[in-house]
Amino acid sequence: MPTLITVAPTGAETTKGACPTLPTKLSEVVETARRCEAAGAAMIHLHIRDAEHRPTLDLGRLRAAVAAVRSETDLVVQLSTGGAVTDSFEDRLRVLDADPDSCSLTMGTVNFGDDVFANPWPFVTELYQRTQELRIVPEFELFDLGHVAALHRLLDTYGLPAGGKVHCDLVMGVPGGMPGDAPTLVAVVQALPDVVTSWSATGIGRTTLPVALAALSCGGHLRVGMEDTRSFARGRPVRHNVELVERAAQLAGLAQRPPMTTEDARELLNVKP
Ligand code: KMH
Ligand code: ZN
């Protein structure tokens, strides 16, 4: 099975001041998307920024970003509905009106460093039902084993997602969430509902490589990017997201699971044409 590589280039937490190479302008996001596609990425997980480089869920900017990435690449476009920890549920629900191929959907509340990333059950279910109505394929974000239990409950109660495929992403190593190591990854994968058709994993910070290697060896896919790590190696900052995608593609190749094409990714997730 080839490897789906998702690039998460920007996130909502890192400031441009702290990391000037972070793609925050639309032109930088598009340039990043093109280079990462050429290096083996098939999906992009997008957070966008305003003119002052601050995270925003402005619908006009979201629509412009979706359109720009679509016109310049064939990447599957996934918008974050997680946003920043300060974003309202209302704004996070409205993200779907930008009509992405896919959206992230976090399966529960989690401590997030010094903050709380709030995802109460009524919000999760409302967001999920909107994805079903709008035929947007959710990626279920799992920050903890309890989120897997919530995923069982969601699918049992509301049925399968748009397109019928069930794709998850294990977000590991967040301070407050599950640790980013192989035993934890195996425990989560073993607990996934039988209807899950694919899953990827990402390790935050120094857990990036252990998580990627464990995911590949367990049949999973990879998410990499400056949303999740700004360090390529000890003392060596990431200069461009493409470095992380290139390394993921190398690891996938070594595992005899080379990067998946965008066409194959569309089929894997069954996003609408
Ligand atoms: N920025 C985090 C609070 C997602 O994109 O859905 C949430 C996050 C998850 O990044
Ligand atoms: Zn995100």
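A: A residue counts as buried if 20 or more other C-beta atoms lie within 10 Å of its own. The model is a predicted one. By that cut-off, strand S12 (residues 221-224) is buried on both sides: His221 and Arg223 point one way, Leu222 and Val224 point the other way, and all are buried.

S12 has pairing partners in strands S1 and S11. S1 and S12 pair in the parallel sense over 3 bridges, and Val7 has Val224 in S12 as its bridge partner. Strand S11 (residues 198-203) also runs parallel to S12, to which 2 bridges join it. There, Leu222 in S12 stands opposite Ala201.

H1 itself covers residues 26-39, 14 residues in total, and reaches 20 Å from its first C-alpha to its last, close to the 20 Å expected at 1.5 Å a residue. The buried residues of H1 are Val29, Thr32, Ala33, Cys36, Glu37 and Ala39. Seen down the axis of H1, they fall within an arc of 155 degrees, so they line one face of the helix. In general, an α-helix has 3.6 residues a turn, so residues three or four places apart point the same way. Ser27 and Ala38, on the other side of H1, are exposed. After H1 comes Gly40, with a positive phi near 125 degrees.

Next to consider is Ala41. Leaving out residues up to four places away in sequence, Ala41 touches Ile5, Thr6, Val7, Cys36, Leu75 and Val245. One of these, Val7, is the residue whose bridge partner is Val224 in S12, and another, Cys36, is among the buried residues of H1. The largest nonpolar core has 72 residues, and Ile5, Ala41, Leu142 and Val245 touch the most other members. Helix H8 gives the most to this core, with 6 residues. Nonpolar side chains tend to be buried together in soluble globular proteins.

Another strand with both faces covered is S6 (residues 102-106), where 5 of its 5 residues are buried. On one side of S6 are Ser102, Ser104 and Thr106, and on the other Cys103 and Leu105. Strand S5 (residues 76-79) pairs with S6 in the parallel sense over 2 bridges, and Cys103 in S6 is the bridge partner of Leu79. S6 is also joined by 5 bridges to strand S9 (residues 137-142), and the two run parallel. In that pairing, Thr106 stands opposite Glu141 in S9.

As for the whole, the protein chain has 9 helices and 14 strands. Of its 273 residues, 48% count as buried. Among contacts with a separation of 6 or more, 74% are between residues 24 or more positions apart. The C-alpha atoms fill a box of roughly 45 × 40 × 40 Å along the principal axes.

Key: Residues are numbered from 1 along each chain as its sequence is written. Chains are lettered from A and ligands numbered from 1 in the order in which they are written. This is a predicted model: local features need pLDDT of at least 70, side-chain atom pairs count only at pLDDT 80 or more; totals for chains, interfaces and linings use all residues. A residue is buried if 20 or more other C-beta atoms lie within 10 Å of its own, exposed if 12 or fewer, and partly exposed in between; C-beta atoms are placed from the backbone. Helices (H or I, at least four residues) and strands (E, at least two) are DSSP runs, numbered from the N terminus. Two strands pair if DSSP finds at least two bridges between them. The expected span of a helix is 1.5 Å times one less than its number of residues. The arc is that of the directions from the helix axis to the C-beta atoms. Two residues are in contact if their C-beta atoms, placed from the backbone, lie within 7 Å. A nonpolar core is a set of buried Ala, Val, Leu, Ile, Met, Phe, Trp, Tyr and Cys residues joined through C-beta atoms within 7 Å.
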